[in-house]
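Open the model in your viewer and keep the selection tool at hand.

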Amino acid sequence: NTLDRVLEEKIEELKEQKLFRELTVLENAQGPRVVINGKEVINLSSNNYLGLATHPKMIDEAIKATRELGVGSGAVRTIAGTLKIHQELEEKLAEFKHTEAALVFQSGFTCNMGVIEPLLTKEDVIISDELNHASIIDGIRLSKAARKIFKHSDMESLDEKLKESQDFRLKLIVTDGVFSMDGDIARLPEIVELAEKNDAFIMVDDAHSSGVLGSNGRGSVDHFNLNGRVDIQVGTLSKAIGVLGGYIAGSKKLISLLKHRSRPFLFSTSHPPGVAAANIAAIDVLLNEPELIETLWNNAKHLKKGLNQLGFDTGKSETPITPVIVGSGALAMQFSDELLSEGVFCTGIGFPTVPQDKSRVRTMVTAAHTKEDLDIAIDTFARVGKRLGLI
Ligand code: PMP
């Protein structure tokens, strides 16, 4: 039938473009070493930056809340799905982020889908970094505002787009805090200056900065001492925080509007109590165990230095996301496959996620890795890299 034929064509197309991949299945818990196809390998692919996915205190709190309150919340937030524990998490997040208020969403993805459309109309304009995450791009598409793209972290390009935008009512600048494919940090101090000069406002997506940058992992705004000067901070609870969810931190007015108008918030069921409880416990871990963040950064420096000394091109990374850029997509996939068969799990990333000739394997280090894990990984990169003529 027609559906079958169309599906087959689309799958064939993916195969021709060498983009067809089976999902990699982990046979144990998320952690520094995982079991794939029955074999233990060093995991350099997760966003579990601080190892919190298996933190004992968070597991205990999740179990306790689940026993007391059940496995599901039973409704969307605006009907009967706001439990006290959801409110408690939001109050804790607002306090942690030094903002008036915060609102939790099902994921970081849904935050970005739900935050722009309620704010902007066709009288307004969005000015977005060209390397912003897919969820921001989709969120922008849902809005009726005009769109402009500035060259990645290029302040001249941003300035130009702002100058072209004088006649719009609201001007929203959107950027990732840390860019997920290159590991570079947004130039927030300059962005803030340009925004203030041009009467624009700012949204920053701290998916890869939450728990990673700033004091106790408060994110990129805190990292640059810009508290109070960035209007919308999006955070994720799914990466360094180790659980699931996203949040928006900002003014009471912003949060109040989103509660009434943000579609993923209005029309999708809230988190299970266990998820909320684990997230609350995670913020306590950030406050009480800041040494985890220090270990993460020490591990990141160690791995980056090892890879650079071998002669690999790690691009312009400034964070625990360290790409190893190899060139063609086929080569990146082969590199990733051979690393895995020698015990290092490190995802290959090609076009369209990154430019055709900048395909890479992306290493993501965590606080849970030991020096031994990282040294084994570096040795494996050396062996496979030499074999493939990369170094
Ligand atoms: N923004 C960025 C920059 C991301 O990298 C991601 C995760 N891939 C998200 C948003 C979505 O976050 P979540 O996984 O919580 O949906």
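**Stop 1: the ligand**

Select the ligand; it sits in the largest pocket. Keep in mind throughout that this is a predicted model.

Next, show the residues around the ligand. How many residues surround the ligand? There are 14, and the closest are Gly 108, Asp 205, Thr 236, Ser 238 and Lys 239. Colour this shell by class: 9 residues are polar, 3 are charged and 2 are nonpolar.

Now select helix α4, which covers residues 108-115. This helix supplies 3 residues, the largest share of the shell around the ligand.

**Stop 2: contacts with the ligand**

- Asp 205: an N or O atom in its side chain is 2.5 Å from a nitrogen atom of the ligand.
- Thr 236: an N or O atom of this side chain is 2.7 Å from an oxygen atom of the ligand.
- Lys 239: a polar atom of this side chain lies 3.0 Å from a nitrogen atom of the ligand.

Taken alone, the ligand exposes 400 Å², and the protein buries 83% of that.

**Stop 3: the whole chain**

Zoom out and switch to a cartoon view. The chain has 14 helices and 13 strands. Along the principal axes, its C-alpha atoms fill a box of roughly 55 × 55 × 55 Å. What radius of gyration does the chain have? The value is 21 Å, which agrees with a compact globule, because a globule of 391 residues would have a radius of gyration near 21 Å.

**Stop 4: two loops**

Select His 98, in the loop between α3 (84-97) and β3 (101-105). Look at the backbone here: phi of His 98 is near 55°, a positive value in a residue other than glycine.

Finally, go to Pro 352, found in the loop between β12 (348-349) and β13 (359-364). Is the peptide bond from Phe 351 to Pro 352 cis or trans? The bond is cis, with omega near 10°.

Note on methods: Residues numbered from 1 in each chain as written. Predicted model: local features only at pLDDT ≥ 70, side-chain atom pairs only at ≥ 80, totals over all residues. Heavy atoms only, no water. Near = heavy atom within 4 Å. Polar contact = N/O pair within 3.5 Å; in protein donor to acceptor, adjacent residues only side chain to side chain. Areas by Shrake-Rupley, 256 points an atom, 1.4 Å probe, with all protein chains shown as cover. 1 Å grid on protein atoms, 1.4 Å probe; cavity = no way out; pocket = protein on both sides within 12 Å on 5 of 7 lines; lining within 4 Å. Sits in = over half its atoms within 2 Å of the grid points. Helix = DSSP H or I, 4+ residues; strand = E, 2+ residues; numbered from the N terminus. Nonpolar A, V, L, I, M, F, W, Y, C, P; charged D, E, K, R; others polar. Rg over C-alpha atoms; globule rule 2.2 N^0.38 Å.
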